[in-house]
Amino acid sequence: MDDKGGQKSEGKPKTEMDKEAAARIQSAEAKKNDGKVEKGGFAARAQSAADKNEAAKEKEVKTVTMDDKGGQKSEGKPKTEMDKEAAARIQSAEAKKNDGKVEKGTFAPRAQRAADKNEAAEDEEGK
């Protein structure tokens, strides 16, 4: 038991509390208690856990590893998404370094593919 009389679990839960689950718990508690949700009760703690989990996902640390070609491969959400202008600057810099050539499979074409995917995703969201 924890200090509030609830069960205390050890280790990681099977599934993380999310906002939808917390809302279902709050709704069920409100229905049982004439529309009231007890301060510090299970529903309130569920909401708090959901808020903390969401905040943790937003602050998720970006880890960088090497891909099979020796380049960097990022995991997690980038700080900013690749756009066409950034990809063009990268391609220009690479071309200047390589006598006007941009090698297949280098960072510049991968940046362009990422920009294309991001633009396509934005177009889909706008539909």
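**Two helix pairs in a predicted model**

Good morning. I begin with the helices α1 and α2, whose axes come within 9 Å of each other and cross at roughly 170 degrees. That angle makes α1 roughly antiparallel to α2, since an angle over 145 degrees counts as roughly antiparallel. By residue class, the contact of α1 with α2 has six nonpolar, two polar and four charged residues. Please keep in mind throughout that this is a predicted model.

The chain holds four helices and two strands. Read from the N terminus, its elements follow the order α-α-β-β-α-α. Of the 127 residues of the chain, 18% count as buried. Among the contacts with a separation of 6 or more, 38% are between residues 24 or more positions apart.

I return to helix α1, which covers residues 19-32. Which residues of α1 are buried? They are Ala-21, Ala-22, Glu-29 and Ala-30. These buried residues of α1 pack against α2, residues 42-58.

The contact itself can be read residue by residue. On the side of α1, Lys-19, Ala-22, Ile-25, Gln-26 and Glu-29 take part. From α2, they meet Phe-42, Ala-43, Ala-46, Gln-47, Ala-50, Asp-51 and Glu-54. In general terms, an α-helix has 3.6 residues a turn, so residues three or four places apart point the same way.

What follows α1? The helix is followed by Asp-34, which has a positive phi, near 50 degrees. Asp-34 has this positive value although the residue is other than glycine. Asp-34 lies in the loop between α1 and α2. With a relative accessibility of 76%, Asp-34 counts as exposed, because the cut-off for exposed is over 50%.

A record also bears on this part of the chain. UniProt, in an unreviewed entry, places the feature "domain: SMP" at residues 18-55. In the model, that span is 74% helix and 0% strand, and its end C-alpha atoms lie 11 Å apart.

I turn next to the other helix pair. Helix α3, residues 84-97, and helix α4, residues 107-126, pack at an angle of about 170 degrees, with their axes 9 Å apart. The helices α3 and α4 are therefore roughly antiparallel to each other. The residues of this contact divide into seven nonpolar, two polar and four charged.

Which residues of α3 meet α4? They are Lys-84, Ala-87, Ile-90, Gln-91 and Glu-94. Their partners in α4 are Phe-107, Ala-108, Pro-109, Ala-111, Gln-112, Ala-115, Asp-116 and Glu-119.

Helix α3 has 14 residues and reaches 20 Å from its first C-alpha to its last, close to the 20 Å expected at 1.5 Å a residue. The buried residues of α3 are Ala-86, Ala-87, Glu-94 and Ala-95, and they pack against α4.

Gln-112 lies in helix α4. Is Gln-112 buried or exposed? At 17% relative accessibility, Gln-112 counts as buried, because the cut-off for buried is under 20%. Leaving aside its neighbours within four places in sequence, Gln-112 is in contact with Lys-84, Ala-87 and Gln-91.

Apart from neighbours within four places in sequence, Glu-81 is in contact with Asn-118 and Glu-122. Glu-81 and Asn-118 are 37 residues apart along the chain, yet their C-alpha atoms are separated by 7.3 Å.

The other residue is Asp-99, which comes just after α3 and takes a positive phi of about 50 degrees. Asp-99 is not a glycine. Its place is the loop between α3 and α4. At 77% relative accessibility, Asp-99 counts as exposed.

The axes of α1 and α2 cross at roughly 170 degrees, and α3 and α4 pack at an angle of about 170 degrees. Asp-34 lies in the loop between α1 and α2, and Asp-99 is found in the loop between α3 and α4. Thank you for your attention.

Methods
Residues are numbered from 1 along each chain as its sequence is written. This is a predicted model: local features need pLDDT of at least 70, side-chain atom pairs count only at pLDDT 80 or more; totals for chains, interfaces and linings use all residues. Side-chain values use heavy atoms; hydrogens and water are left out. Axes are lines fitted to C-alpha atoms, for helices over the stretch in contact, and angles run from 0 to 180 degrees between N-to-C directions. Angles under 35 degrees count as roughly parallel, over 145 as roughly antiparallel, 65 to 115 as roughly perpendicular and the rest as oblique. Contact means heavy atoms within 4.5 Å. Ala, Val, Leu, Ile, Met, Phe, Trp, Tyr, Cys and Pro count as nonpolar, Asp, Glu, Lys and Arg as charged, and the others, Gly among them, as polar. UniProt positions are given in the numbering used here, feature names are shortened, and annotations may be inferred rather than shown by experiment. The expected span of a helix is 1.5 Å times one less than its number of residues. Buried means under 20% relative accessible area, exposed over 50%, partly exposed in between (1.4 Å probe, protein chains only).
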